[in-house]
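This report describes a protein model, beginning with a helix and then turning to the ligand and the domains. Please consult the sequence and the structure below while reading.

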Amino acid sequence: MTRPKIGLVGAGQIGGNLALLATQKQLGDVVLFDIPQAEGLAKGKALDIQQLSTIERCDATLSGTSNYQDLEGADVIIITAGFPRKPGMSREELLGKNLGIMTDVAQNLKKFCPNAFMINIANPLDAMVYALKQITSAPANRVIGMSGILDTARFKSFIAMELGTSMKDVTAFVLGGHGDDMVPITRLTTVGGVPVEELIPAGRLEEIVQRTRKGGAELVGLYKTGSAYFAPAAAAIEMAEAYLGDHKRVLPCAAWCTGEFGINGMYFGVPCIVGAGGIEKILSFELNDKEKAMIETSRASVAKTVAETKL
Ligand code: A3D
């Protein structure tokens with residue numbers, strides 16, 4: 001059996017880390033794609049990581065290109081092509097610039113690798129993955145957005161930091177759009193099985209929720225030249241790994257919703273089973289009134305950006 005082929009569209013900060021993690025985890029051979037002006041970046045990162053693979057002892061072949069044909073036959077595509085935020089910007093402000101890039105990317109993916117499992121990371125996340133699905137006409141189970149795993153990772157890390165516990169023992173998920181009104185579900189968050197609402201006072205927990213919602217902006221403010229890239233890359237690799245290994249992982253992802261949580265006909269962050277069938281199932285459950293209200297606020301924000309996404 002040949003190794004899976006992983007195509008990375010965008011060889012910038014996240015793209016480079018995706019290539020590194022995919023290699024270290026031996027997920028398959030990696031093709032880093034970027035525009036002709038940045039072909040050297042794609043080729044350079046591929047070569048650099050290829051050399052690392054002798055030290056890390058990984059079997060993977062890496063290459064860099066600006067020719068879409070080289071992505072032909074890819075099993076997984078991860079898209080980071082697009083501008084990141086600068087301090088003070090909202091993700092939604094990237095729509096104008098990044099939609100043109102996504103249109104070009106999606107048209108080429110439709111032509112060269114229509115059967116790939118496509119994971120989008122470019123922002124504004126929920127609108128960009130919507131555009132990707134519409135332009136490629138790929139089935140909804142194979143077009144997915146990475147956001148909830150990252151938002152959840154931020155939430156979990158803040159809780160573990162607050163309590164001084166292991167990062168491993170926090171169980172949580174963040175639902176909703178990848179914006180400032182995302183919805184961490186504190187009611188179902190546990191630390192080693194103990195409800196977090198009994199461990200952290202309500203006021204302090206609310207501060208952690210707010211820090212999670214602004215988690216991306218916090219990093220943009222620190223980096224100044226762009227946005228987060230280590231954790232976003234790890235989050236998308238977790239999704240690719242679940243697909244390639246048919247792991248049936250339950251992961252919060254931006255998925256095409258058809259009525260789940262009252263969301264219809266758009267991408268939204270929901271708990272998904274991810275396996276060889278891509279998004280195999282969305283796991284719905286009953287929300288309380290407060291959670292429903294927060295989900296509705298988030299839904300309205302995503303719907304507004306999607307309405308502005310003129311294809
Ligand atoms: P950056 O390091 O600038 O890399 C983006 C790359 O895209 C650059 O190398 C560009 O040359 C390349 N590019 C531009 N136009 C095209 C094109 N038409 N075709 C192919 N490649 C192109 O950015 P980054 O890697 O830090 O971030 C990439 C995207 O991810 C941005 O839109 C960020 O906002 C987004 N992001 C999303 C999350 C989520 O949680 C969803 C987190 C962090 C960043």
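Helices (H or I, at least four residues) and strands (E, at least two) are DSSP runs, numbered from the N terminus. The expected span of a helix is 1.5 Å times one less than its number of residues. This is a predicted model, in which local features need pLDDT of at least 70, side-chain atom pairs count only at pLDDT 80 or more, and totals for chains, interfaces and linings use all residues. Residues are numbered from 1 along each chain as its sequence is written, and side-chain values use heavy atoms, with hydrogens and water left out.

Helix 3 (residues 95-112) contains 18 residues, and the distance from its first C-alpha to its last is 25 Å, close to the expected 26 Å. Its buried residues (under 20% relative accessible area, 1.4 Å probe, protein chains only) include Leu-95, Leu-99, Met-102 and Phe-112. Among the elements that cover the buried residues of helix 3 are strand 1 (5-9), strand 5 (117-120) and helix 9 (289-307).

The ligand is surrounded by 28 residues (each with a heavy atom within 4 Å of it). Asp-34 and Ile-121 are among the closest. The table gives distances from a backbone N or O atom to an oxygen atom of the ligand.

| Residue | Distance |
|---|---|
| Gln-13 | 2.8 Å |
| Ile-14 | 3.0 Å |
| Phe-83 | 2.9 Å |

Taken alone, the ligand exposes 870 Å², of which the protein buries 88% (Shrake-Rupley method, 1.4 Å probe).

An automatic or database domain assignment divides the chain into domain 1 (5-145) and domain 2 (148-307). Their C-alpha centres lie 22 Å apart. Contact (heavy atoms within 4.5 Å) links 36 residues of domain 1 with 38 residues of domain 2.

Methods. Buried < 20%, exposed > 50% of the residue type's maximum accessible area, 1.4 Å probe, protein only. Polar contact = N/O pair within 3.5 Å; in protein donor to acceptor, adjacent residues only side chain to side chain.
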